[in-house]
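Hi,

Here is the structure I promised to pass on. Have a look at it first, and my notes on the ligand site follow below.

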Amino acid sequence: MERIVSLCKRRGFIYPSSEIYGGAGSVWDYGPVGVLLKNNVKGAWWRAVVQQRDDMVGLDAAILMHPRVWEASGHVSGFSDPLVDCLQCKQRFRADDLAGDRCPACGGELTEARPFNLMFKTFMGPVENEATVTYLRPETCQGIFVNFKNVLVSSRKQPPFGIAQIGKSFRNEITTGNFTFRSREFEQYEIEYFVPPEQADQWFEYWVAERLKWYTDFGIAADRLRLRPHREDELAHYASRCTDIEYGFPFGWSELEGIANRQDFDLRQHQEYSGRDLTYFDEAEKRRYLPHVIEPSGGVDRSMLAFLVDAYEEIPGGRGSAGAEVESVLRLHPRLAPIKAAVLPLVRRDGMPDRARAIYDDLRRHWFVEYDEGGSIGRRYRRQDEIGTPFCMTIDSQTAEDGTVTVRDRDTMEQIRVSADKLVEFLRDKLGEC
Ligand code: ATP
């Protein structure tokens with residue numbers, strides 16, 4: 001993990017937030033290639049669950065919501081973790097994370113556990129008092145539930161159908177850690193899939209399989225993923241079933257996404273608290289009901305971390321004949337790779353930079369492509385390997401003679417010659433619909 005964290009910082013994937021001030025506790029900033037990777041992860045999800053389906057629509061609800069939302073959802077009264085204080089060193093811990101009954105830092109005595117609400121509180125408007133308190137959303141799905149009727153009417157969908165959303169969520173986690181795995185500000189991608197009550201079980205199974213497949217489709221090794229059905233005693237009060245998709249991180253098997261059968265809990269609560277009718281009338285069957293909801297709820301930052309960890313490979317002694325140092329390669333799926341190709345003039349003379357620039361200008365109309373003319377060609381290849389660039393295109397002396405460039409494959413290191421005017425076609429063929 002340490003080496004991945006270091007690569008992320010060195011190459012511009014992820015930095016600690018406000019680092020020059022000593023960092024903000026468990027908040028992270030995505031750098032120049034990190035933001036591209038994250039956008040590609042979100043794009044891949046959106047394509048799979050919205051664009052390519054006719055039973056799904058998207059939504060982008062506000063982070064700030066009416067405070068009653070969080071009363072109806074149960075977050076004001078119940079969204080808490082058990083907190084204990086060490087009487088000696090004053091550190092705070094999540095009681096359910098501790099193995100024994102003493103402080104893990106200093107061995108001191110701990111207080112009794114008490115509930116600690118994880119929502120960030122703030123005020124809406126210019127007056128700060130109890131009546132203006134609201135919260136930064138701790139999950140995106142409530143924005144979907146409160147818009148259920150709006151979407152139903154405006155999109156003319158009928159159950160079974162789903163609403164998908166990607167957005168920031170905030171939780172004032174007691175214990176954070178494992179890099180971006182548990183942060184206080186993070187992004188979620190969530191689907192609320194509304195179904196007739198009697199179809200809930202069947203759609204639950206469907207979404208577990210569908211979501212598991214998405215991770216392997218984008219390159220995660222199947223044997224590093226597993227499904228973990230929740231035991232009866234760990235189910236959230238609103239869920240009748242829940243299965244987590246877990247990834248085998250270096251710090252252990254951990255949840256990437258949970259798929260839950262939330263039944264009609266949320267619509268029923270919002271119907272009661274808002275006084276609005278949230279039922280659906282099925283014209284064909286002439287019956288009115290509150291749809292049940294299957295929720296696949298995942299974390300963008302967590303899955304991005306899994307994609308990074310899974311793609312990372314170290315080669316002791318390097319892959320070339322000369323090198324003795326350790327080389328690292330990020331074997332990211334081409335659709336997720338931040339930079340699709342690098343254009344590299346072999347040397348900075350004989351017209352190579354000009355020819356390379358022309359190719360670069362042509363390719364970047366289609367994809368994120370980098371131009372790099374600094375340092376030895378071997379070093380430039382290694383830099384691209386470390387950020388997961390699938391192809392490097394080198395402009396050399398032969399380019400002036402026959403118009404071809406060397407195309408190097410990140411994974412096989414195979415080099416072939418491709419005509420410069422066929423590079424767009426070549427990349428389109430290799431990358432698919434990136
Ligand atoms: P955990 O048990 O790890 O705290 P959770 O079960 O509370 O997670 P959910 O409320 O089901 O998480 O949230 C759905 C998804 O949102 C999780 O699967 C995870 O990917 C993501 N997520 C939740 N909390 C965090 C966090 N603090 N940092 C990053 N991602 C998070």
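Let me start with E255: one of its polar side-chain atoms sits 2.6 Å from an oxygen atom of the ligand, a polar contact in the sense of a pair of N or O atoms within 3.5 Å. On its own the ligand exposes 590 Å², and the protein buries 80% of that (Shrake-Rupley areas with a 1.4 Å probe).

Before going further: this is a predicted model, with local features needing pLDDT of at least 70 and side-chain atom pairs pLDDT 80 or more, while totals for chains, interfaces and linings use all residues. Residues are numbered from 1 along each chain as its sequence is written, and side-chain values use heavy atoms, leaving out hydrogens and water.

Two further contacts stand out. A backbone N or O atom of S183 is 2.8 Å from a nitrogen atom of the ligand, and an N or O atom in the side chain of Q188 lies 3.1 Å from a ligand oxygen atom.

Which residues are closest to the ligand? They are E173, R182, S183, E255 and G299, out of 14 that surround it (a heavy atom within 4 Å). That shell holds six charged, five polar and three nonpolar residues (Asp, Glu, Lys and Arg count as charged; Ala, Val, Leu, Ile, Met, Phe, Trp, Tyr, Cys and Pro as nonpolar; the others, Gly among them, as polar). At least two shell residues come from each of β10 (185-195), β13 (252-263) and β16 (292-299) (strands are DSSP E runs of at least two residues, numbered from the N terminus).

Happy to chat any time!

Notes:
Polar contact = N/O pair within 3.5 Å; in protein donor to acceptor, adjacent residues only side chain to side chain. Helix = DSSP H or I, 4+ residues; strand = E, 2+ residues; numbered from the N terminus.
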